[in-house]
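Walk me through the side-chain contacts in this model.

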Amino acid sequence: NTIEVTVTDLAGNTSTAKRTVTFDDQNPSLALTDPGQDTKTNQADMVLKGEVSDITTPVVTVTTTGNIYSPAIIEGRFEQPLTFTVEQTYEISVSAVDEAGNETVVLRNVVYDTTLPSGTIDEVTTPTNQDSQVLTGTMEDGAIVSVTCPTATAGTVTYPTSTTWTVSLADMQEGDNAISVNATDEAGNMSSPVIAVITVDLTPPTMTVLSPISGSSYSETFVIEVIAGDNISEVNEVEYQLDDRAWTSLPLAAPASGRYATTYTPVLTDRCLHTIYFRATDRAGNVCQIVSAVFSIQTDSTPPVTSINVGVP
């Protein structure tokens with residue numbers, strides 16, 4: 001607003017004076033473009049950026065923990081480098097005051113966090129005869145979990161709660177599959193990897209029957225003996241079944257050679273054929289094809305007598 005005052009004396013002489021008065025009852029327009037509210041960072045240095053405008057020339061003041069700054073305004077924009085030294089929440093106040101004394105204040109909270117987040121993977125099923133498995137675990141509240149496995153396909157990680165995660169792992173190869181799990185928090189800190197190994201075994205164990213030998217005859221006491229092995233997950237149990245009796249576990253006699261054996265004294269019908277069946281199960285749950293042997297029991301040295309009567313009708 002321009003005010004002009006003119007004075008004229010009785011002789012007609014004049015004098016003029018002017019004044020300009022700016023009337024400003026509006027607060028400056030102030031916006032912070034970076035950082036956003038409640039920003040979390042693991043970087044010690046940050047540049048605060050903003051924009052300000054007013055019909056007069058405003059002054060910007062940045063106040064943070066123990067420090068006050070007055071950044072220059074260039075074409076309505078300003079920047080102020082900040083340094084964080086201690087892990088904590090920094091309260092940042094930015095004010096703009098115009099020449100009329102009007103003030104606008106904008107606040108920001110910045111969380112400085114350099115602590116690695118926590119993350120776990122729950123117990124996995126291993127060994128297994130399945131090439132897929134659902135994995136679960138825990139992580140720091142709000143963290144993002146990444147799951148990698150070079151020998152399998154990891155699906156999308158989902159979060160049942162703010163501190164738990166789950167993912168489906170498919171197409172695992174036979175053998176060992178190493179899974180690496182990392183958690184990254186909102187500040188950008190990444191946890192040390194948590195490793196789990198799943199052994200996939202799709203191949204049944206092998207087995208060779210040493211005794212009894214099919215077609216042989218034994219005294220009432222004889223040895224039951226087999227050799228069983230598995231190249232991936234190890235043999236878990238060897239069982240035998242005599243005729244229609246219940247399956248019975250066969251003791252491991254020599255771990256180094258995989259020999260399972262026991263001395264058996266059954267009550268069996270003399271001079272009759274008997275069948276013994278064997279099966280081996282590995283730790284992954286694979287069962288080998290059942291192997292059998294047919295033998296007879298003879299408690300004395302007298303050969304069995306067979307007579308045929310031929311008659312004429």
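Lys18 is exposed, at 52% relative accessible area. Here buried means under 20% relative accessible area, exposed over 50% and partly exposed in between (1.4 Å probe, protein chains only). Glu4 is partly exposed, at 48%. The two side chains meet in a salt bridge, 3.5 Å from N to O. Lys18 lies in strand β2 (residues 14–20) and Glu4 in strand β1, so the pair ties together parts that are 14 residues apart in sequence. Strands (E, at least two residues) and helices (H or I, at least four) are DSSP runs, numbered from the N terminus.

The model is predicted: local features need pLDDT of at least 70, side-chain atom pairs count only at pLDDT 80 or more, and totals for chains, interfaces and linings use all residues. Residues are numbered from 1 along each chain as its sequence is written, and side-chain values use heavy atoms, with hydrogens and water left out.

The whole structure holds 5 salt bridges, each a side-chain nitrogen of Lys or Arg within 4 Å of a carboxyl oxygen of Asp or Glu. One of them joins Glu186 and Lys40 at 3.1 Å, N to O. This pair links distant parts of the chain: Glu186 sits in the loop between β17 (175–184) and β18 (194–200), Lys40 in strand β4 (residues 39–41), 146 residues apart. Lys40 is partly exposed, at 38%. Another bridge joins Arg259 and Glu225, with the closest N and O atoms 3.1 Å apart. Arg259 is in strand β25 and Glu225 in strand β21, 34 residues apart. Arg259 is partly exposed at 28%, whereas Glu225 is buried at 17%.

Now the rings. There are 7 aromatic pairs. Rings of Phe, Tyr and Trp (its six-membered ring) pair if their centres lie within 6.5 Å; planes under 30 degrees apart count as stacked, over 60 as edge-to-face and the rest as tilted. Tyr218 and Phe295 are edge-to-face, 5.9 Å centre to centre with 80° between the planes. Tyr218 lies in strand β20 (residues 217–218) and Phe295 in strand β27 (residues 291–297), so this pair ties together parts 77 residues apart in sequence. Both residues are buried. The rings of Phe222 and Tyr264 have centres 5.9 Å apart and planes at 75°, so they too are edge-to-face. Phe222 and Tyr264 are also buried. Tyr218, Phe222, Tyr240, Tyr264 and Phe295 form one aromatic cluster.

What about cysteines? The count is 0 disulfides, a disulfide being a pair of cysteine sulfur atoms within 2.5 Å. Cys149 is buried at 9%, and Cys288 is buried at 6%.
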